[in-house]
Amino acid sequence: MDRISLDEYFLKIAAVVAERSTCRRHHVGAVAVRDKRILTTGYNGAPSGADDCLQLGCLRDEKEIPSGTRHEICRAIHAEQNAIIQGSLHGVSLEGSTIYCTHTPCVLCAKMLVNAKIKKFVSYSDYADDSFMKLFKEAGIEFVKKERPSSEITFLD
């Protein structure tokens, strides 16, 4: 049995984090990692304590707003934003970290990640907005696109 790479390991964890999502369109998970240690996680969903799209329905679907546009018309906070917020709440700097995320970031998340001073972003799925690429290049953030990791969990009993 071969050992999975660290990239596959953290991308699989991001996929499990995404299972907590309350979005009806995309389940997105993010994991912030530095020195092979998980710093924070985040998934997309309504603000803490607020009703979510599973309960209320999707505003974006109701208004027929295409993915990747009009971000302000959404109850959800993106996974990357929640990972940054968790760091802030618990006094954990993300500076120099790698973000493993199920999807590439929207431009708003990309701006926040630049200011959080991450060094690398690893993903396997595309979000409908690719304008993050120019910003990441300007900021010197390495972007890596991987194959989707296997959903199979392999272990010995």
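How many nonpolar, polar and charged residues make up the lining of the second largest pocket? The points below work towards the answer.

1. The model is predicted. Keep that in mind throughout.

2. Start with helix 1, residues 6–18.

3. Which residues of helix 1 are buried? They are Asp7, Phe10, Leu11, Lys12, Ala14, Val17 and Ala18. An α-helix has 3.6 residues a turn, so residues three or four places apart point the same way. The cover over the buried residues of helix 1 includes strand 1 (29–34), strand 2 (37–43), strand 3 (98–103) and strand 4 (120–125).

4. Now the largest pocket. It holds about 330 Å³ of space. Its lining has 17 residues, and Tyr43, Ala46, Pro47, Ser48 and Asn82 are the closest to its centre. Helix 4 (79–89) and strand 2 each supply at least two lining residues. Helix 4 gives the most, with 4 residues. By class, this lining has 7 nonpolar, 8 polar and 2 charged residues.

5. The second largest pocket holds about 240 Å³. It is lined by 15 residues; Ala15, Val16, Tyr124, Arg148 and Ser151 lie nearest its centre. Helix 1, strand 3 and strand 4 each give two or more residues to this lining. Helix 1 provides the largest share, 4 residues.

6. Back to the opening question. The lining of the second largest pocket has 6 nonpolar, 6 polar and 3 charged residues.

Note on methods
Residues numbered from 1 in each chain as written. Predicted model: local features only at pLDDT ≥ 70, side-chain atom pairs only at ≥ 80, totals over all residues. Heavy atoms only, no water. Expected span 1.5 Å × (residues − 1). Buried < 20%, exposed > 50% of the residue type's maximum accessible area, 1.4 Å probe, protein only. Contact = heavy atoms within 4.5 Å. 1 Å grid on protein atoms, 1.4 Å probe; cavity = no way out; pocket = protein on both sides within 12 Å on 5 of 7 lines; lining within 4 Å. Points joined across faces, edges and corners; volume = space filled by probe spheres on them. Nonpolar A, V, L, I, M, F, W, Y, C, P; charged D, E, K, R; others polar.
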